[in-house]
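This report covers strand pairing and aromatic contacts. The entry is shown below.

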Amino acid sequence: MTSHNGSENQTQLVYEGVRILDFTQLEQGPSGTQVLADFGAEVIKVERPDIGEIGRRNGTRVNGWSPHWAANNRNKRSLSLDVKDPQARPILDELVRRSDIVVSNFRPGVMERLGLGHEDLVQLNPRIISAYASGYGRTGPYRHRRGQDLAAQAMGGIIALTGSPEQPSAIGTYAVDYLAAMHLAQGMMLALAARDRTGQGQVVDVSLLNSSIAMHLQEGSEFLNRREAFPRSPGGIAHSGSTGLYGIYTGIDGKSFVLVADVFVDEPWSRICQALDADEAETANPLMASTESMKADPARSHAVVQALASRFTRDECVSRLEKQDLLSAPVNDYDELFDDPQVLHNNMILELEHPVAGAMRLVGMPVKLSGTPGTVRLLPPMVGEHNQSILAELGLDSAQIDALRHSGVVGAESTRQTPAW
């Protein structure tokens with residue numbers, strides 16, 4: 001098992017000594033806690049006995065194991081505990097006393113009903129940080145609504161900006177979930193830094209709705225100040241208000257590429273014409289004479305560029321455009337993406353050996369630190385894999401742990417070979 005940069009036994013970990021008690025599930029919470037886990041934080045993932053958190057059942061299976069779930073649960077230990085059982089209360093209380101952050105992404109009020117709200121936690125640990133990730137925020141008229149990525153894209157304005165004039169579209173992955181997870185990680189880091197100065201913990205409040213809005217902060221600010229409208233662009237043009245110099249095009253081989261020619265360079269249309277062998281009449285097309293004329297008919301301006309692109313394969317188009325100092329890039333499918341030399345150079349694929357799934361490949365860490373790099377120290381855990389070690393650290397002996405197991409307060413152990421789906 002190696003770190004993200006291929007080296008072994010990295011010991012410099014910036015969040016070493018930080019303990020996080022993690023009640024999160026699916027993507028918004030687990031991706032956020034994994035950021036700190038990758039850089040040294042001890043994350044104890046509290047899951048339901050036997051079946052674990054609901055994200056374990058998402059996606060396809062590899063030997064009964066979900067890569068979808070494993071993607072954001074490395075470097076964590078699993079404690080499978082029935083938090084509603086009174087016998088679990090002393091365990092939870094002791095874990096809170098020993099933790100720096102308690103994080104959850106249930107609907108607001110759930111942690112309070114479990115006796116784990118911030119006011120409860122500070123009685124046990126005055127320095128505790130309570131991090132909440134939710135759909136809409138901890139307070140307000142929507143606080144009790146169920147939150148999810150697609151709903152946040154819709155309510156937060158993303159879908160209205162995406163797609164064609166005839167049909168809005170969502171982003172092709174759970175983009176708001178991931179962005180909210182990064183905001184959650186950022187909030188936890190900020191709260192830890194603040195505590196170093198003040199000695200006090202606080203509440204971190206992150207929501208899918210807020211993250212969705214923040215994603216288009218530039219367009220949103222234009223609207224707030226100038227009532228600027230951002231209608232969806234015709235097919236092939238990437239952003240509202242753009243022209244045929246900024247969009248998606250298809251080569252003669254049916255493969256697509258993007259062109260970003262309306263920034264960074266002078267005389268972009270002339271450069272495109274040279275790159276794609278336009279004749280004199282095509283170069284003199286009055287539609288392409290100015291940004292204003294292209295914006296007046298963006299669909300036609302896109303068609304003009306597409307006609308030139310159709311003479312060459314995708315890779316030929318990209319190469320020719322780059323020679324004219326125009327920004328262009330292939331639209332990679334997954335086969336191409338994960339075989340790309342820059343992706344491989346950036347160590348964006350983790351090669352791991354899992355006791356259940358066998359050889360496992362996961363998406364790597366996007367943040368690289370030269371002095372304190374992230375490492376993979378723990379594989380994504382089986383349900384309750386670390387019950388024994390965690391409970392022993394709290395002072396429970398083998399007889400007490402066995403009693404909790406027999407009464408169902410804790411669940412599956414690492415000796416079990418396959419998760420129960």
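How many bridges join strand 4 to strand 5? Four bridges link strand 4 (residues 101–104) and strand 5 (residues 129–134), which run parallel.

## Basis

The model is predicted: local features need pLDDT of at least 70, side-chain atom pairs count only at pLDDT 80 or more, and totals for chains, interfaces and linings use all residues. Residues are numbered from 1 along each chain as its sequence is written, and side-chain values use heavy atoms, without hydrogens and water.

## Sheet

Pairing requires at least two DSSP bridges between two strands. Within the pairing of strands, S104 stands opposite Y132 in strand 5.

## Aromatic rings

Rings of Phe, Tyr and Trp (its six-membered ring) pair if their centres lie within 6.5 Å; planes under 30 degrees apart are stacked, over 60 edge-to-face, and the rest tilted. The count is four aromatic pairs. Y249 and F257 have ring centres 5.7 Å apart and planes at 40 degrees, so this pair is tilted. For Y334 and F338 the centres are 5.5 Å apart and the planes at 65 degrees, so the pair is edge-to-face.

A charge sits over a ring if NZ of Lys or CZ of Arg is within 6 Å of the ring centre and within 35 degrees of the ring normal. R56 lies over the face of W69, 3.8 Å from the ring centre. The charged end of R145 is over the ring of Y142, at 3.9 Å from its centre.

Definitions and conventions:
Helices (H or I, at least four residues) and strands (E, at least two) are DSSP runs, numbered from the N terminus.
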